[in-house]
Amino acid sequence: MTALSFELPDGSTRIATVERLLNAGYAGRSQEDVAAHVAELAELGVPAPSAVPALYPVSPYLARQTDRVDAQHGRTSGEAEWALVVDDGGDLLLTAACDHTDRELEVHGVAWSKNAGPDVLARRAWRLEDVRPRIDGLTLRAWVAHGGEETLIQDGTLADLLTPDYWVEVLRERGELLPGTVLISGTIPMAEGVDQFAEGWRVELGDPATGDAIRLGYRVAAMPQPIG
């Protein structure tokens, strides 16, 4: 099992031994944003979903806290997201995440593509109950790196997405609001004209009310060519 470790603002550490990993998709609160994301993916050849929001089970070992993602080819990319984590004690945590997806495989099946790359999570978290009163004001941003230069590719707030509490109820109804569950939120639209197939990704989940921010970053490393 994959064990994730999160530092809280009070300096304590929480462990989540991942038993189940779920990726939400097409999870914008605004139907215009959902349509924009569908259009973004359509440009990459991904067919529109049959239902929104979607929810994709992912192999639990793909929940990672890492600074490197190995990619088999040049058409993989991340997505700025938040993650809801049920720690081993049953408490609900909120952290930053980046769903690194194989865009070549995505055209054949979104669920397949979600299992072809890791969900990278930050090493810090907040308790959901501590930020719930100002959840919509939390910011979500992502930058991509090309040639050592970073470009902002995603910039929004959690008001753009279905709330953590929405997914808490979904998990409760499914009998999955259990220790070891990790749910990744779905993402916000990407800026037009920015190349998502980058050398690195950086994601920030910010709390303007306190000035605190949870960050993650990783480089994308090309794997050697296969033999045979």
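1. Strand 13 and strand 16 (residues 200-207) pair in the antiparallel sense, and 7 bridges join them. In this pairing Leu140 stands opposite Leu205 of strand 16. The model is a predicted one, and what follows should be read with that in mind. As background for a reader new to sheets, strands pair through backbone hydrogen bonds, and the pairing can be either parallel or antiparallel.

2. Strand 13 is mostly covered, since 6 of its 8 residues are buried.

3. These strands belong to an open sheet of 5 strands, whose order is 6-17-16-13-14 and whose pairing is mixed. Its edges are formed by strand 6 (68-71) and strand 14 (149-157), each of which pairs on one side only. On average, and with direction ignored, neighbouring strands of this sheet are turned by 20° against each other. In a regular strand, the side chains alternate between the two faces of the sheet.

4. The protein chain as a whole contains 5 helices and 17 strands. Its radius of gyration is 16 Å, close to the 17 Å that the globule rule gives for 228 residues, so the chain is as compact as a globular protein of that length. Along its principal axes, the C-alpha trace spans about 45 × 40 × 35 Å. Buried residues make up 49% of the 228 residues, and among the contacts between residues at least 6 apart in sequence, 74% join residues at least 24 apart.

5. Which residues touch the most other members of the largest nonpolar core? They are Leu94, Trp201 and Leu205, in a core of 40 residues. Another core, of 17 residues, lies apart from it, and its members include Leu62, Val85, Ala97 and Ala125. Leu205 is also the residue of strand 16 that stands opposite Leu140.

6. Ser77 is placed in strand 7 (residues 76-77). Is this residue, Ser77, buried or exposed? Ser77 has a relative accessible area of 0%, which is under the 20% cut-off, and therefore it counts as buried. The side chain of Ser77 makes a polar contact with the side chain of Gln196, at 2.6 Å. Leaving aside its neighbours within four places in sequence, Ser77 is in contact with several residues, including Asp99, His100, Phe197 and Trp201.

7. Pro118 is found in the loop between helix 3 (110-114) and strand 11 (119-121), and at 9% relative accessibility Pro118 counts as buried. Beyond its neighbours within four places in sequence, Pro118 is in contact with Leu62, Arg64, Val69, Cys98, Asp99 and His100. Pro118 and Ser59 are 59 residues apart along the chain, and their C-alpha atoms are separated by 9.2 Å.

8. Tyr26 deserves a separate look, because it has a relative accessible area of 7% and is buried while lying in the loop between strand 3 (20-25) and helix 1 (31-43). Its phi is positive, at about 55°, although Tyr26 is not a glycine.

How values were computed: Residues are numbered from 1 along each chain as its sequence is written. This is a predicted model: local features need pLDDT of at least 70, side-chain atom pairs count only at pLDDT 80 or more; totals for chains, interfaces and linings use all residues. Side-chain values use heavy atoms; hydrogens and water are left out. Helices (H or I, at least four residues) and strands (E, at least two) are DSSP runs, numbered from the N terminus. Buried means under 20% relative accessible area, exposed over 50%, partly exposed in between (1.4 Å probe, protein chains only). A polar contact is a pair of N or O atoms within 3.5 Å; within protein, one must be able to donate a hydrogen and the other to accept it, and residues adjacent in sequence count only if both atoms are side-chain atoms. Contact means heavy atoms within 4.5 Å. Two strands pair if DSSP finds at least two bridges between them. Axes are lines fitted to C-alpha atoms, for helices over the stretch in contact, and angles run from 0 to 180 degrees between N-to-C directions. A nonpolar core is a set of buried Ala, Val, Leu, Ile, Met, Phe, Trp, Tyr and Cys residues joined through side-chain atoms within 4.5 Å. The radius of gyration is taken over C-alpha atoms; the globule rule is 2.2 Å times the number of residues to the power 0.38.
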